[in-house]
Amino acid sequence: MRNTNLLNLLESNRDILDLNDINGLSAGAYVISKTSQNKPDGMLEAGILLVFKRGTASIGMAITYNSENTNAHLNIFGGNTWG
């Protein structure tokens, strides 16, 4: 299996600027960068956000990492809040 950086597979226009704006996004994959705003407590510096739509509401799954010590973190968005 080839080692591929997932962030290189996403289009650059898919960066998310504000993690409070998930309900306004289309379903898909987005890049969470160090400069993304309103990361929930515990969310690390960068990663990937997967957005799923359920009617007009959104469900999000954010997988983030800390490049200094390669820790990964998972956050779930549902019911208009991060948990």
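Student: Where is Asp-18 found?
Tutor: Asp-18 is in strand β1, residues 15-18. Strands (E, at least two residues) and helices (H or I, at least four) are DSSP runs, numbered from the N terminus. This is a predicted model, where local features need pLDDT of at least 70, side-chain atom pairs count only at pLDDT 80 or more, and totals for chains, interfaces and linings use all residues. Residues are numbered from 1 along each chain as its sequence is written, and side-chain values use heavy atoms, with hydrogens and water left out.

Student: What is Asp-18 in contact with, leaving aside neighbours within four places in sequence?
Tutor: Gln-37 and Asn-38. Contact means heavy atoms within 4.5 Å.

Student: Which side chain makes a polar contact with the side chain of Asp-18?
Tutor: That of Asn-38, at 2.8 Å. A polar contact is a pair of N or O atoms within 3.5 Å; within protein, one must be able to donate a hydrogen and the other to accept it, and residues adjacent in sequence count only if both atoms are side-chain atoms.

Student: Changing topic, how many helices and strands are in the protein?
Tutor: There are 1 helix and 6 strands, in the order α-β-β-β-β-β-β from the N terminus.

Student: What share of the residues count as buried?
Tutor: 31% of the 83 residues. Buried means under 20% relative accessible area, exposed over 50%, partly exposed in between (1.4 Å probe, protein chains only).
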